[in-house]
Amino acid sequence: MISGSITLRRAISTLTHLSQRIKQTESEIVQMFKLASPKDETQRLPMTQKFPRNNPSVRTLDERFIRILKIFKWGPDAEKALEVLKLKVDHRLVREVLKIDVHVHAKIQFFKWAGKRRNFEHDSTTYMALIHCLEGAGMFGEMWKTIQEMVRSTCVISPADLSEIVKVLGKAKMVNKALSIFYQIKSRKCKPTSNTYNSMILMLMQEGHHEKVHELYNEMCNEGDCLPDTVTYSALIAAFGKLGRDDSAISLFDEMKENGLYPTAKIYTTILGIYFKLGRVEKALGLVQEMKAKGCALTVYTYTELIKGVGKAGKVDEAYGIFLNMIKEGCKPDVVLVNNLINILGKAGRLVDAIKLFEEMKALHCTPNVVTYNTVIKALFESKARASEAFLWYEKMKENGVVPSSFTYSILIDGFCKTNRVEKALLLLEEMDEKGFAPCPAAYCSLIDALGKAKRYEAASELFQELRENSGHSSARVYAVMIKHLGKCGRLSEAVDLFNEMKKLGCNPDVYTYNALMSGMVRIGMIDEAHSLLRTMEENGCTPDLNSHNIILNGFARTGGPKRAIEMFTRMKNSHIKPDVVSYNTVLGCLSRAGMFEEAAKLMKEMNSKGYEYDLITYSSILEAVGKIDEDHMPAGL
């Protein structure tokens, strides 16, 4: 067979240049196989290179074999090279070949060939070596086949191997396959350790499968001798935090301390954020003191959570003080922390301090990003600064090489709309479209609302239609704004059509949408229909807010007579949604129009005890009719 193949090869290579090339290739192969003399070998090797006498890895991969493999890939020539060089096919050789910088297909072919050799079987180390090669090449389908083959084989799989398999499948976004292989190996090959469970839990966390994390934790605890460690608790507490299961996260935090484990700064930071979210500010501050007492250094992430929580609680000076103290203690702030502090200062109306902090960022080695600029621009609009000043910051960010985001445009459009510069806002919307940004519902919402307030209903409708055509849908908030303005201009049938349309498209109406439609109904006297919609809203799982009740209360007060208005007002006082100053003035006006001045006077006393101011017009009408209202009840300015 060999002589026949050589004859055939020579028979087809009759052209001179081809014949010469084949002879040259054969010569190269011979030279590669030819063992160098000791003298030659000494001249070729660096003087500093030393070879341990009995180290098998020294001869595992001869440079000549590597050259053969690179030229001919895997095939008869490479096989022949192994024979000539007397390289024994063992696990070490396979692992070394899989490290060579050759095409992954050559490695696959070699791996398969090695697996068929007599007296050789792949073990977990060779399988894992190939799995990592396939992972690096992005051949996830082939990688999955190799993992399955490994599980079906007789090779021993250790808990460390299982952890590594889970990690590579997680990186490849093959979560369900990772779960499947975990349970297969667990039932047939090896008993998982805490580290194995942690690998599974961390993989599920990274891919957002937070619910499954708890199931795995319960399984882990049921193993008996497989106890959760700090890594386990860290992942579980983070998972519960993201799921909003705050009590469970806090319980686990307490449990780990009872079990003698020390929380890491990351765990403390997670619990700190939960305490602030629950409004338990003192508990959060106590946690920081505990960290310091335990010698657990606060990280920049801990400081970020602390500053954000204290600022949200309205303690702006304390938040800024924590920032200054952090710098004194040598903890360097990052851009996320600075962005949060600028946001806190901006919302508190301390614009000068916010801009000063922005200017100090360079000295703090923090480079402003798009979020930084967005935060400053938003603060400028919220502090009623000139729109032109906010726009200058937009120009500044572009000059500094920071690319505006969709949110940047949304802030600018909203700001220009609120300052009655709708045309400028429309130009920004066009610019946003030219830059290739996807239609932004928030930007359209601001513009539609501004056009509606300006009674430019047709223009508002055109924009709404444009959003539907360009994005295929609209958000519930955009629908709510459009429904509100259609109701205001008496086009209630169109408002109802939009309401029904959004339900058909799977866009569930929110409280603002329901309120918009109820307000439109009340406006044209459809009080019973609006009241019925309030009940429907509750049945559909959408919780009415105070504004929902005030809309219906206003309807009853204007057209239903004082009886129904007083009944609803009483129900509100007895429910968890308590009447506000609007509710009181609505009923006060109703009583005034009905000539029920004594009842109105009693209500005014009640309002006064709650610190609510009377509606000036209603108050004047009652004053004229009765002529004897206590001067103590007179609102300031009259």
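These entries go through what I looked up, one topic at a time.

I am working from a predicted model, where local features need pLDDT of at least 70, side-chain atom pairs count only at pLDDT 80 or more, and totals for chains, interfaces and linings use all residues. Residues are numbered from 1 along each chain as its sequence is written, and side-chain values use heavy atoms, leaving out hydrogens and water.

**Aromatic pairs.** I counted 18 aromatic pairs, taking rings of Phe, Tyr and Trp (its six-membered ring) with centres within 6.5 Å; planes under 30 degrees apart are stacked, over 60 edge-to-face and the rest tilted. F464 and Y479 form an edge-to-face pair, 5.2 Å centre to centre with 75° between the planes. F464 sits in helix α28 (residues 457-471) and Y479 in helix α29 (residues 476-488), so the pair ties together parts 15 residues apart in sequence. I took helices as DSSP runs of H or I with at least four residues, numbered from the N terminus. F464 is buried at 3% relative accessible area, and Y479 is buried at 1%. For burial I used under 20% relative accessible area as buried, over 50% as exposed and in between as partly exposed (1.4 Å probe, protein chains only).

**A ring cluster.** I also found F381, F391, Y394, Y409, F416 and F437 linked into a cluster by ring pairs.

**S199.** I found S199 in helix α13 (residues 194-206), where S199 is buried with a relative accessible area of 9%. Leaving aside neighbours within four places in sequence, S199 is in contact (heavy atoms within 4.5 Å) with S163, V166 and K167.

Methods. Helix = DSSP H or I, 4+ residues; strand = E, 2+ residues; numbered from the N terminus.
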